[in-house]
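The stops below are given in the order in which to select them.

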Amino acid sequence: MIPRPKEIRLTEGTVVQGTAVKERVCKELKQEEYHISIASNEIRLEGGGKTALFYARTALEQLRLIYGEELPCMEIRDWPSYPYRSFQIDCSRHFFTVDELKKMIRMSAVFRLNRFHWHISDDQGWRIECRRYPKLHEISSMRAGDHFGNYDSDQPEGGYYSREDVAEIVDYCGSLGIEVVPEIDMPGHVTAILAAYPELSCTGGPVEVGMRAGIFKELFCAGKEETFTFIQNLLDDMLELFPGKYFHIGGDEAPKERWKACPDCQRRIEEEGLKDARELQGYMCNRIASYLRSKGRIPIVWNEAVYGGNIDKEVVVQLWTEDKDDQIKAHLDRGGRAILSMVEHCYCDYPYGMHSLKDMYDIDMSPKELGEGREGSILGAECLVWTEFIRSDARLEEMCWPRFAALAQAVWCGEERPEYEDFRSRLTALFPIFEKYGIRAVKKEGWDPDERMAAEQTAEFQMNFSEEEREEARRAQEDI
């Protein structure tokens, strides 16, 4: 079974086909805790809530996939070690249909991931129908071509989800115990938005929707009040669609070149008594986070947003890269919380030769660099897939599965997870579950490539980046 339950006790006998299954919500259990009792004449499922009962059903489904209808009698008690167990799909770089998203969501639910981080806006496209600012889906959802890595096409690329599509996804996730966490990236990764509303940039435009990968220098202007009015109105429009308690506002990869040359931004720094452009990003983040909190939501940011040292402690930080100058640690020291999603253990857009199944499974849920005794500070972890180089449903599924399952096991059990070889053998036995749900997962021989295969995959992946692009990214990183 994946995730492997915390407590399993075999009892005598087997269950014959057709044995009744009874379900019951038990208020004395934790919200996501479930129990399974398999006796010779009855199968009983108990859970602390509807989601816990769903977990019990999926666990029973896995048992039947392995044993058939003649199940061994047993008692199972299980509960998660971390409350936040997430998967992210980037639909900005390449658009995926509602049916494909539902397929990925259903498979994630089987492994008890409980948050869908939906990346709906970036330099290369805005993806949701917006009533307040319709030019977002009319203009920002389409780009003039596709020039990611070694792929070059001048065919227009894009698409967006109608409000009915979004409602369908949100409802579908809710039926599976999954909360949708939308992300609107800011102040950087906004090239697509600025293509429709260039007056919100520092230069006034013109701006085109991005057609390539990389770090773009266009930012929301933090000195103009119109920017904050726009963002708040936009959030109001999106909050109608997303009822969950978490909302991601990005904050990564925002080079400060435009802000340093912008008189409005420099005036804002002086008026607010800020030290530099990094603190300006913290100021901007805090204003937007405060607005979200006033609407009853919990804001999440990427870790670069913390580098100014002035982020409110109520903002959750998603850690994906190094903790520069111990700023994440300091945030946690102030009472902040974090989600772990470090590149080498969580990013599924890299080939398996760079981030193997074992790398995903070996994520450290208590990283020492963040300090000791962080049990309450780490909410959980997230596996992610960015789609600059993923253009098809089949490729999306291959890159994510079974790596999403490895992260699901790791975050469900934390440091008490079984040894990797135990997980690998269980995954081998359970592999038909991917076929049941129509997921084109990578077969066993591809999970942990040998040195030769890893070198080949790494070399092929790195061909997506020219020397000029690498240098451009390096300079941009220095200015973040």
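The tour goes from a helix pair to the nonpolar cores and then to one further helix.

This is a predicted model, in which local features need pLDDT of at least 70 and side-chain atom pairs count only at pLDDT 80 or more, while totals for chains, interfaces and linings use all residues. Residues are numbered from 1 along each chain as its sequence is written, and side-chain values use heavy atoms, with hydrogens and water left out.

Select residues 225–239, helix H6, and residues 277–294, helix H9. Helices here are DSSP runs of H or I with at least four residues, and strands are E runs of at least two, numbered from the N terminus. The axes of H6 and H9 are 11 Å apart, at an angle of about 35°. Axes are lines fitted to C-alpha atoms over the stretch in contact, and angles run from 0 to 180 degrees between N-to-C directions. Show the side chains next: residues of H6 including Phe228, Ile231 and Leu235 meet residues of H9 including Met284, Ile288 and Tyr291. Contact means heavy atoms within 4.5 Å.

Now select Phe111, Phe116, Trp118 and Trp401, which touch the most other members of the largest nonpolar core, a set of 147 residues. Such a core consists of buried Ala, Val, Leu, Ile, Met, Phe, Trp, Tyr and Cys residues joined through side-chain atoms within 4.5 Å; buried means under 20% relative accessible area with a 1.4 Å probe, protein chains only. Among the contacts of Phe111 are Ile2, Pro3, Trp401 and Phe434.

Finally, select helix H13, residues 393–400, where Leu396, Glu397, Met399 and Cys400 are buried. What covers them includes helix H2 (98–110), strand S16 (378–385) and helix H14 (403–413).

Definitions and conventions. Buried < 20%, exposed > 50% of the residue type's maximum accessible area, 1.4 Å probe, protein only. Lists of a residue's contacts leave out its neighbours within four places in sequence.
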